Amino acid sequence: MKKSRNTAENSRTWKFIFRAIKPYMIHIAASVLLSAVTVVLTLLIPIRIGSVVDNIIGEGKVNFDAIMPILYGTVIMAAVAGAAQWISGMLNNRVVYGVVRDVRCAAHRHIQTLPLSYLDSHPAGEIVSRLVADADKFSDGLLLGFTQLFTGVLTVIGTLLFMLTINVWITLAVAVLTPMSIFVAKFIAGRTYSMFRRQSEVRGEMTSYIDEMIAGQKTVKSFCREEMTLGEFDGINDRLTKCSVSAIFFSSLTNPTTRFLNAVVYAAVALTGALTAIGGGISVGMLTSFLSYANQYSKPFNEISGVVTELGASLASAARLLELTGEAPEAPDGDGAVTLTDAAGDVSFDHISFSYTPERPLIRDVNIDVRAGQHIAIVGPTGCGKTTLINLLLRFYDVTGGKITVDGHDIRSVTRHSLRASYGMVLQDTWIKSCTVRENIKLGRPDATDEEMVAAARAAHADGFIRRLPHGYDTMLGEGGESLSQGQRQLLSISRIMLSIPPILILDEATSSIDTRTEARISRAFTKMMAGRTAFIVAHRLSTVRGSDLILVMRDGDIIEQGTHEELLARGGFYRHLWESQFAAV
Amino acid sequence: MRQVFHYLRSYLKESLLGPLFKLLEATFELFVPLVVADIVDVGIKNGDRTHIVWMAVLMVALGVIGLSCTVAAQYFAAKASVGCTSKLRRALFRHIGKLDYSTLDGLGTSTMVTRLTSDMNQVETGLNLTLRLLLRSPFVVFGAMVMAFTIDAHAASVFAVTIPVLALAVFAIMLVSIPLYKKVQQALDKVLLSARENLLGVRVLRAFGREADEIAEFEKRGDALAASQRFVGRISALLNPLTFVLINLAAVVLVYVGALRVDAGMIETGEVIALYNYMSQILVELVKLANLIINVTRSVASANRIESIIMLPEEENGCVTELDVNAEYAVEFDRVSLRYKNGGSDALSDISFRVRRGQTVGIIGGTGSGKSSLVNMIPAFYPATAGVVRVYGENVNDIDRGTLRRRVAVVSQGAPLFRGTVRDNILFGRPDATDAEVASAVKTAQAADVIASKDGGLDEPVERGGVNFSGGQRQRLTIARALVTGADILILDDSSSALDFATDAALRASLAALEPKPTVFVVSQRTSSIMHADMIIVLDDGECVGMGTHEELLASCAVYREIHDSQRKEASA
């Protein structure tokens with residue numbers, strides 16, 4: 001059962017690989033052909049040198065008439081072999097880098113269509129590693145591995161054939177002895193594998209310890225725990241040292257051992273060859289060719305055994321990539337999907353329920369009716385489902401029961417693009433792209449003029465700090481906007497919304513990191529912006545939601561109370577409790 | 001590099017023996033072509049079978065000796081390189097623990113982590129390769145030439161020409177391609193950044209419908225990467241064919257010259273074979289050497305990066321270890337200014353105030369007004385650029401850092417929890433705290449219900465960064481961690497921002513009830529959190545614009561009034 005699934009998986013992987021390299025078939029064929037030329041010429045050269053040696057018999061007995069044409073010919077062969085090798089190398093590059101780019105871009109394009117549920121449940125680091133490292137390993141290992149395997153096998157076969165044409169018995173000696181080095185290499189590799197695994201485990205442990213402690217270095221210092229962490233570090237470091245020494249030592253035995261076995265083969269060839277030569281079985285020149293072959297013969301074997309492991313790794317990478325690109329995308333917009341333009345802003349939740357995992361229902365039978373222009377506040381403790389409602393509104397997730405409508409349309413019958421374009425969203429976790437301030441603000445409306453952009457930034461009270469940045473609106477922001485404070489990042493994302501001003505606004509703790517003076521100013525701008533627009537406001541500072549038309553109090557996925565501020569206070573329930581607690585005296 | 005050598009010195013024996021054994025092995029390898037020449041010129045020529053057998057045995061014997069030498073060499077090299085790197089890693093980790101806050105700010109976490117991990121691994125690889133191969137390869141190359149000269153000086157002159165030409169070709173290609181590979185790396189980094197940002201910003205990007213632009217940008221970067229890879233690939237693909245052609249050209253010339261010398265009766269046929277064999281040995285070693293040099297260059301760069309951190313000055317330390325905890329004033333600021341190392345203008349300017357023992361001080365102000373800077377100066381995380389900060393009457397710069405920081409506990413806004421259990425995290429504050437002390441700290445920090453809500457209680461596992469706890473839960477645990485230290489100056493740097501008002505109020509009440517009463521600094525953006533403080537300091541753009549009680553400030557300080565109104569108006573209207 002399991003096996004058959006593996007076979008199916010493997011055949012899917014191979015199909016994926018084949019699709020990826022298909023556009024490059026001509027390149028690959030040409031490269032293979034040129035490698036064959038290189039191998040054959042490379043193998044011919046020792047034979048030609050051997051026949052030259054045969055014409056160098058002794059003092060005054062050197063046949064220059066025979067030698068010279070062979071030597072000229074050898075130079076030409078070497079030149080042709082070199083040229084063929086270079087060209088095939090470049091062809092390989094073209095294929096490898098081309099495939100990796102194709103595969104990567106295809107995967108990236110696919111990611112754009114994946115549902116949020118997939119992206120939320122898979123760490124970004126893991127997906128990025130598939131997109132970057134696995135794509136590299138796949139194409140590198142597979143294609144370079146393939147060419148190396150091809151030339152390796154061809155060299156082995158060619159060498160055997162050439163040797164056979166000279167002498168069967170010596171060939172036999174070489175053929176029997178050489179594979180020994182592979183066994184030995186395999187034996188050592190097998191032994192070191194477990195050591196390397198141990199080493200990489202401990203190394204991983206070390207890295208995550210370092211990562212955590214360096215990130216928390218200030219906390220460590222403020223509690224004077226430098227010595228304690230150093231003690232823990234030493235414990236891991238000592239273990240790492242021990243297993244690194246053995247892993248590195250044992251793995252570094254591979255080369256000397258194969259070299260030694262090669263020396264044995266070489267001695268065997270010299271012995272049998274010389275003895276045959278005495279009997280007149282072969283010439284001294286042929287012995288020279290044999291010795292050259294004996295020298296090179298084990299090299300392709302080592303390469304082949306290396307390539308096989310690499311191919312395995314590359315297949316594993318291909319499978320991981322395939323897992324990503326094979327992930328089912330979001331259900332595409334239906335054929336009759338409506339394009340929402342200039343939405344009025346009527347939103348209704350009709351008996352909706354939702355859960356991230358079937359075992360744990362989160363939102364149950366929620367009904368809300370919002371008329372265009374109303375302001376809805378959502379309050380409640382952390383984890384009560386506030387953010388989930390936003391996920392549903394924007395169709396980052398689809399409801400599992402009931403329906404959400406905008407202007408009377410079930411949002412599942414509206415194109416995602418037009419639906420999302422009707423919303424303006426400022427999230428608590430602001431996201432800044434690593435580009436200029438200008439591009440960041442214009443993210444929602446790339447065609448806006450600079451005047452409009454500056455006006456939006458002014459309205460968001462961001463203009464002031466932006467102008468104080470080294471290059472104003474053209475300042476490049478680092479990854480995640482690291483150079484800005486959390487508050488400044490929020491001001492920037494508010495500017496984005498101020499620039500695009502869509503009909504429905506979603507403000508998720510939008511001003512949580514902004515000081516209240518600035519917040520008061522921004523809220524005036526917000527008020528202006530929200531006038532006549534439907535707005536959903538998530539907040540835990542109750543002061544910011546007081547003026548809303550409707551306040552939803554959520555707890556554990558349920559709306560436990562709803563009404564206006566005054567109604568809720570009068571009811572004397574959970575809301576009143578929350579409200580009063582913020583004025584509790586010390 | 002000096003640091004690396006410093007730690008390598010403890011492995012002096014190993015780092016000398018390693019290369020030495022390698023050279024022995026190489027020497028034995030160099031004898032092999034001579035043995036082959038002897039087989040041809042003596043054995044075959046005279047039909048002496050016994051001689052041939054003995055020579056073959058000699059070759060195997062040379063192989064055995066070579067193998068044992070290498071095994072010894074590999075062992076010593078592994079021991080020295082791993083041991084040295086381990087000591088270096090420890091030294092760096094320890095040194096980072098001794099750096100001051102501004103240096104840590106300047107370096108950044110990811111830089112330090114890279115230095116401790118991948119740079120260290122690179123140094124280890126480089127050291128190991130250096131000990132094993134750096135002497136061997138040149139030795140074989142020049143050894144082969146010397147051996148060729150012992151056979152025949154005339155023919156050997158071919159070597160004298162070939163070696164420099166080959167070396168030039170190999171190193172020229174390497175030198176040209178190394179900087180190009182750096183460009184490839186940069187292009188790859190861009191691809192990586194693009195991919196990661198796209199995932200992290202997926203909600204914003206999809207909300208704005210920017211998928212198509214993201215794809216276009218990613219593909220542009222992918223194309224740029226492929227183009228730069230192809231460019232450098234074209235050059236580095238030249239290495240093997242070029243050296244192959246050169247070495248065969250040299251072999252042809254060598255055989256021709258050899259033929260002339262045999263014809264003239266100067267050498268024998270077998271010696272021509274030996275010369276040819278030496279020629280093939282050179283190529284292999286030169287390519288190895290070139291690869292080695294690339295690796296070593298990278299390692300040297302890594303070592304220098306590591307060293308640049310180790311060379312950073314340690315945090316200055318004072319020598320006062322006794323503090324008069326009964327002094328009238330717990331904390332004094334006397335005309336204090338602070339300017340960050342890379343900051344343009346003062347983060348704080350000319351701040352003066354005095355805090356009596358047991359008082360509670362509120363600090364309020366807008367984003368970037370210098371609130372955190374001010375409190376971080378009390379445990380001397382940032383030393384004053386001008387003026388003096390005193391704790392219990394002593395200039396903080398003169399107090400031993402350990403002594404000072406055991407008295408002052410700071411809870412900063414984003415302080416992390418570490419992997420382990422809840423108990424481990426609280427004991428991080430003071431490892432020898434009793435269960436009763438832990439329980440009381442937890443209670444004061446309003447964290448009792450956090451712990452009660454978890455199945456494992458105090459032994460509930462904490463994931464890295466405390467991600468399995470909510471923001472408010474994390475904050476309460478970090479407060480408990482600070483309380484358990486028993487420090488008598490407590491700084492809460494916006495550390496109750498994620499708490500709801502009820503919990504925040506309960507926290508304030510339980511802090512006020514502590515006995516003996518600690519001196520408390522509360523940094524906040526909400527007036528409600530600090531309005532009951534004995535003294536409130538109002539900061540605006542790094543300057544103190546008001547100081548006094550809530551009522552005094554309402555009467556006298558416009559900024560304070562504005563902050564208070566902005567919160568109050570919304571709250572009560």
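How many residues does the contact take from chain A and from chain B? In this predicted model, 121 residues of chain A and 126 residues of chain B take part in the contact. On the side of chain A that touches chain B, the most is given by helix H3 of chain A (residues 64-111), which contributes 22 residues. Sorted by class, this side of chain A consists of 67 nonpolar, 36 polar and 18 charged residues.

Within chain B, the packing of two helices was examined. Two packed helices are described by the angle between their axes and the distance between the axes. For helix H2 (residues 12-46) and helix H12 (residues 269-310) of chain B, the angle is about 155° and the axes lie 8 Å apart. Angles over 145 degrees count as roughly antiparallel, and H2(B) and H12(B) are therefore roughly antiparallel to each other. The crossing of H2(B) past H12(B) is right-handed. On the H2(B) side, the contact is formed by Pro33(B), Leu34(B), Val36(B), Ala37(B), Asp38(B), Val40(B) and Asp41(B). H12(B) supplies Thr269(B), Gly270(B), Glu271(B), Ile273(B), Ala274(B), Asn277(B) and Tyr278(B). Of the residues in this contact between H2(B) and H12(B), eight are nonpolar, three are polar and three are charged.

The domain assignment divides chain B into domain 1, given as 1-134 + 300-315, and domain 2, given as 329-572. Taken over C-alpha atoms, the centres of domain 1 and domain 2 of chain B are separated by 52 Å. Four residues from domain 1 of chain B and seven residues from domain 2 of chain B make up the contact between them. The side of domain 1 of chain B that touches domain 2 of chain B comprises one nonpolar, two polar and one charged residue.

Chain B also contains an open sheet of four strands, in the order S2-S1-S4-S5 and with antiparallel pairing. Strand S2 (348-356) and strand S5 (394-395) of chain B each have a single partner strand and stand at the edges, so one side of each has no neighbour in the sheet. Strands of a sheet pair through backbone hydrogen bonds, either parallel or antiparallel. Strand S1 (residues 329-338) and strand S4 (residues 386-391) of chain B run antiparallel and are joined by five bridges. Glu332(B) is placed opposite Arg390(B) in S4(B).

Technical notes:
Residues numbered from 1 in each chain as written. Chains lettered and ligands numbered in written order. Predicted model: local features only at pLDDT ≥ 70, side-chain atom pairs only at ≥ 80, totals over all residues. Contact = placed C-beta atoms within 7 Å. Nonpolar A, V, L, I, M, F, W, Y, C, P; charged D, E, K, R; others polar. Axes fitted to C-alpha atoms, helices over the stretch in contact; angles between N-to-C directions. Parallel < 35°, antiparallel > 145°, perpendicular 65-115°, else oblique. Left-handed = near helix turned anticlockwise from the far one by under 90°. Domains from an automatic or database assignment. Pairing = 2+ DSSP bridges.
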